[in-house]
Amino acid sequence: MKPEQFTKFKKLLQRVQQQSPFYQNKFKEAGFDIDNVQKPEDIVHIPFTTKEELREAYPLNIQAVPDEEVVRIHSSSGTTGKPIIIPYTVTDVNTWAEMMSRCMTVAGLTAKDRIQITPGYGLWTAGIGFQAGVEKLGAMAIPMGPGNTEKQLQMMIDLQSTALCATSSYALLLAEEIRKRGLKNDIKLKKAILGSERWGDKMRARIKDELGVELYDIYGLTEIYGPGISISCDANNGLHYWDDYLLFEIINPQTGAPVAEGEYGELVITTLTKEGAPLLRYRTRDITRLLTGECSCGLNHPRHDLILGRSDDMVKVKGVNIYPGQVEDVLKHIEGISSEYQIVLDRDEDAKDTMLLRFEQQVGFDAANLETRVRKYFKTKVGLTINTEALTIGQLPRSEKKTARVIDNRYN
Ligand code: ZN
């Protein structure tokens with residue numbers, strides 16, 4: 001942690017202790033005293049804040065300022081149970097716009113750009129977050145919102161949009177429409193900023209080629225402002241995040257302990273300067289790692305890696321935590337393998353864990369050779385010895401859910 005981050009952290013602790021009933025209760029219940037945080041390492045004693053707690057705080061029990069200071073709320077789209085509502089002050093709204101406009105600058109956008117915004121507006125944070133960033137940058141916002149592909153394409157051509165903000169799936173849909181209609185020469189897009197869902201290299205290549213743009217991954221979550229808290233740069237090696245506003249930690253999702261430098265784990269975020277709903281050590285459930293060293297792009301903000309998946313998807317094999325995203329990462333680096341896979345966990349006669357990784361090979365590749373390469377590469381990247389089995393294309397069941405790819409026979 002940088003000294004200036006720790007200074008902000010201590011101020012934040014004092015602020016929530018004085019103004020946030022949510023944290024006052026939380027500290028009391030945990031028997032935590034803010035005076036025990038004297039040096040950066042002490043923050044590990046601060047209890048985590050979880051998604052469940054924010055749901056229970058519905059509607060506004062998380063609010064840490066008087067009503068007259070709240071200018072807006074946003075809400076996460078809760079698929080289960082109550083949604084989470086986050087109140088924002090003027091400062092919060094401005095901070096978010098600042099982070100988003102920095103993201104756009106990293107993507108090479110300037111006041112001269114015309115930026116077509118296709119994520120939704122409203123309770124959700126995406127559309128309005130992009131909008132505020134574009135305005136702060138001084139560029140032209142084209143606030144389309146989602147859907148209505150006909151109109152999207154018409155505006156894209158007539159207004160000569162130079163940049164697109166979208167989910168990767170919507171960008172792909174637009175790209176395919178543009179190809180089908182033969183409009184490629186009519187569009188002027190140079191850049192696309194896409195929500196950081198995990199998406200394969202093939203999908204990425206298709207969007208890039210069909211639209212003829214450079215792609216940037218943007219990350220964020222409603223609980224922490226919204227999209228715009230980090231973005232990939234031209235070096236395409238991780239996402240830079242804004243450490244003057246946010247503190248990132250990576251923890252072991254099972255023990256809560258900090259992981260060793262550069263290791264994968266769950267991302268935990270503290271909002272150093274947020275007012276409306278400040279969060280201390282918020283567990284995002286997103287799995288990533290912090291990247292060390294300087295980025296070749298020269299930007300002086302630290303980086304995290306792409307989001308590998310959700311901490312809920314983790315399996316533990318021989319004491320090693322494995323995320324489906326890591327498996328995908330290994331497979332995509334080896335030529336001749338499709339993106340489908342299956343993990344079978346079992347126990348051998350000595351009651352030791354075994355892992356079999358099944359994958360599909362493309363036509364014209366040697367199965368035994370691929371099996372050896374995957375085994376070796378997995379050992380190098382993940383640190384685990386596994387068994388591998390190459391199948392022909394179509395042999396594995398297709399599923400959207402990552403968890404369905406893991407068959408755990410160890411407790412049968
Ligand atoms: Zn960079």
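These legends describe close-up views of a predicted model.

**View 1**
Helix 10 covers residues 367-382. At 1.5 Å a residue, its 16 residues should span 22 Å. The end C-alpha atoms are 22 Å apart, which agrees. Leu370, Glu371, Val374, Phe378 and Val382 are the buried residues of this helix. Seen down the helix axis, these buried residues fall within an arc of 100 degrees, so they line one face of helix 10. An α-helix has 3.6 residues a turn, so residues three or four places apart point the same way. On the other side of helix 10, Lys376 and Thr380 are exposed.

**View 1. What covers helix 10, and what follows it.**
Several elements cover the buried residues of helix 10. Among them are three strands: strand 17 (320-322), strand 18 (337-347) and strand 19 (353-361). Helix 9 (324-332) and strand 20 (387-392) are also included in the cover. Glycine 383 follows helix 10. Its phi is positive, near 85 degrees.

The buried residues are Pro324, Gly325, Gln326, Val327, Asp329, Val330 and Leu331. Their cover includes strand 17, strand 18 and strand 19. Helix 10 is also part of that cover. In turn, helix 9 is included in what covers the buried residues of helix 10.

**View 2. Helix 7 and its cover.**
Helix 7 runs over residues 168-180. Its 13 residues should span 18 Å at 1.5 Å a residue. The end C-alpha atoms are 18 Å apart, in agreement. The buried residues of helix 7 are Ser168, Tyr170, Ala171, Leu172, Leu174, Ala175, Glu177 and Ile178. Two helices are included in their cover: helix 6 (149-158) and helix 8 (201-211). Strand 5 (163-166) and strand 6 (191-195) are included too. Just after helix 7, glycine 182 takes a positive phi of about 65 degrees.

**View 3. A salt bridge between arginine 181 and glutamate 150.**
Arginine 181 forms a salt bridge with glutamate 150. The closest N and O atoms are 2.9 Å apart. Arginine 181 lies in the loop between helix 7 and strand 6, and glutamate 150 in helix 6, so the pair ties together parts that are 31 residues apart in sequence. Arginine 181 is partly exposed, at 35% relative accessibility. Glutamate 150 is exposed, with a relative accessible area of 52%.

Glutamate 98 and arginine 102 meet through their side chains in a salt bridge, at 2.9 Å from N to O. Both residues belong to helix 4 (residues 90-106). They are four residues apart, which means a separation of about one helical turn. Arginine 102 counts as buried at 18% relative accessibility, because the cut-off for buried is under 20%.

The structure holds 26 salt bridges. In one of them, the side chains of aspartate 408 and arginine 410 meet at 2.9 Å, N to O. Aspartate 408 is partly exposed, at 30% relative accessibility. Arginine 410 is buried, with a relative accessible area of 8%. Elsewhere, salt bridges that share partners join Glu98, Arg102, Lys136 and Asp244 into one network.

**View 4. Asparagine 252 in its loop.**
Asparagine 252 is found in the loop between strand 10 (246-251) and strand 11 (265-271). Is this residue buried or exposed? Asparagine 252 counts as buried, at 19% relative accessibility. Beyond residues up to four places away in sequence, asparagine 252 touches Ala257, Val259 and Asn321. Glycine 265 is 13 residues from asparagine 252 in sequence. In space, the two are 5.2 Å apart, C-alpha to C-alpha.

**View 5. A nonpolar patch on the surface.**
Leu60, Ile73 and Leu123 form this patch. Together they have about 240 Å² of accessible area. Leucine 60 sits in the loop between helix 3 (51-56) and strand 1 (70-75). Leucine 60 is partly exposed, with a relative accessible area of 35%.

Definitions and conventions. Residues are numbered from 1 along each chain as its sequence is written. This is a predicted model: local features need pLDDT of at least 70, side-chain atom pairs count only at pLDDT 80 or more; totals for chains, interfaces and linings use all residues. Side-chain values use heavy atoms; hydrogens and water are left out. The expected span of a helix is 1.5 Å times one less than its number of residues. Buried means under 20% relative accessible area, exposed over 50%, partly exposed in between (1.4 Å probe, protein chains only). The arc is that of the directions from the helix axis to the C-beta atoms. Contact means heavy atoms within 4.5 Å. Patches are made of residues with over 30% relative accessible area and no salt bridge: like charges are joined within 9 Å, nonpolar side chains (Val, Leu, Ile, Met, Phe, Trp, Tyr) within 5 Å. Accessible areas come from the Shrake-Rupley method with a 1.4 Å probe; for residues, only the protein chains shown count as cover. A salt bridge is a side-chain nitrogen of Lys or Arg within 4 Å of a carboxyl oxygen of Asp or Glu.
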